Amino acid sequence: MREQTNLSEQTIFSNAKLADGSLVDLTVTGGHFSAIAPAGKTPPADFAAVASAIIAPLFVDLAGQLVVPAFVEGHIHLDTSFYGDAWRPHIPCTNGFDVRERVAFQARNLAAAAPMAERAKNQLELCVGNGSLTMRSHVMVDGSVGLKHVETILAVRENYRDLIDIQLVAFPQSGILSSPGTAELLDEALKLGCDLVGGLDPASFDRDVKGHLDVVFGLAQKHGAGVDIHLHDGGTLGLFQVEEIATRTKALGMAGHVVVSHAYGLGDIPADALDKAGAMLAAAGVAIMTNAPGNHAFPPVAALRQAGVTVFGGSDNIRDSWWPYGDGDMLSRANMIGYRSGFYEDHELEAAFDVVTHAGAKALGLASYGIVVGASADFVAMPAQHVPEAVVAVPKERTVYRRGKVVARNGTVLAR
Ligand SMILES: [Zn+2]
């Protein structure tokens, strides 16, 4: 399959090994894949076109390296990470996990931190260096910070537009109903350029599931925005809210535009309840994000995928007031998701990989994605026999290509 393109910016990447094991030559024209042919079979016309190109032609021999689409970082917090800043020891809650107390710790830490734009840049470059070229970041909105975080991260997004695509979620970190003025701030954040409206534990935080979801889905409808809700509530309480979100998504025709992040409750309910929830989520088109959290129940990836639910991955917090873990590497996240899910067989390891690539692209609604003709040439080349080996070995020697040009090598973003 071929398409008409601007021949002045053409590169042929030879000997790329794809996930299906085939060895191919990839022609990239104007930043997009314009042809994919078996290795050594690229039509001479393409080579001739390169030879007569206005800009110096490029031939890159990938020497049989595994070539995969750039990873999708589906859930991160660019505004609250201290990555690259001074180390801040984790402070435990005084009487069991308490979101309000954690938010207070966070406010204290942020007051003494390096400027937000600098910290966001550090974290963003960490992710790009590891091969993520699309990201969804939640950005805190509440009465104490107002729209300050949103304005800063919107500017960061603009500065890095050529390097990475970023979706922003207006995230009510201090609740909505229990934090007066937050609904109006979320409205403003969407006007300013946030792509989605977030939510936070409608039951345990705001103690009003209907009231919380009325605001979230009302704003989504008003702005034509997506929804991505943090839901940590476990067991039946978590399940109840997942069902409520699915019901609203279906009623409003928002399939493909709604995500429940974490959904811990799906990891600690009986099998028959999970079957029912999986069918409901699949029918409603609600995706589930997981980071395979530490010592915590999390959604059963294989069972949900089997039910037809889109399950995708994210780093969530990295070096922030919530926890110190995280490396901004979605390949290592696939490893963690596979490890915690008890995945051993090749098809299972491939499923873990799908969670950080194609499933992420689907959940984020990316129009064109993958190593296919027409898609943006955003890819990662690395030394691995195949995807299952990449997931278990997590090779760090990677080259990251954005629109066909190298932007990072071995974890480091190159000067732009
Ligand atoms: Zn989060």
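A helix, in these notes, is a DSSP run of H or I that is at least four residues long, and helices are numbered from the N terminus. I am working with a predicted model.

**Entry 1: helix 8**

I started with helix 8, which covers residues 271-284 and has 14 residues. From first C-alpha to last I found a reach of 20 Å, close to the 20 Å expected at 1.5 Å a residue.

Next I asked myself: which residues of helix 8 are buried? They are Leu274, Ala277, Gly278, Met280, Leu281 and Ala284. Looking down the axis of helix 8, I saw that its buried residues fall within an arc of 165°, so they line one face of the helix. A handy reminder for me: an α-helix has 3.6 residues a turn, so residues three or four places apart point the same way.

I then checked the other side of helix 8, where Ala271 and Asp272 are exposed. What do the buried residues of helix 8 pack against? I noted helix 7 (235-251), strand 12 (286-290) and helix 9 (301-306). Just after helix 8 I came to Gly285, which takes a positive phi of about 75°.

**Entry 2: Gly218**

I found Gly218 in helix 6, residues 209-223. Is Gly218 buried, exposed or partly exposed? I counted 14 other C-beta atoms within 10 Å, so Gly218 is partly exposed. Its C-alpha is separated by 9.8 Å from that of Val197, 21 residues apart along the chain.

**Entry 3: the record**

I looked up UniProt, where an unreviewed entry places "domain: Amidohydrolase" at residues 60-408. In the model, that span is 40% helix and 18% strand, and its end C-alpha atoms lie 15 Å apart.

Note on methods. Residues are numbered from 1 along each chain as its sequence is written. This is a predicted model: local features need pLDDT of at least 70, side-chain atom pairs count only at pLDDT 80 or more; totals for chains, interfaces and linings use all residues. Helices (H or I, at least four residues) and strands (E, at least two) are DSSP runs, numbered from the N terminus. A residue is buried if 20 or more other C-beta atoms lie within 10 Å of its own, exposed if 12 or fewer, and partly exposed in between; C-beta atoms are placed from the backbone. UniProt positions are given in the numbering used here, feature names are shortened, and annotations may be inferred rather than shown by experiment. The expected span of a helix is 1.5 Å times one less than its number of residues. The arc is that of the directions from the helix axis to the C-beta atoms. Two residues are in contact if their C-beta atoms, placed from the backbone, lie within 7 Å.
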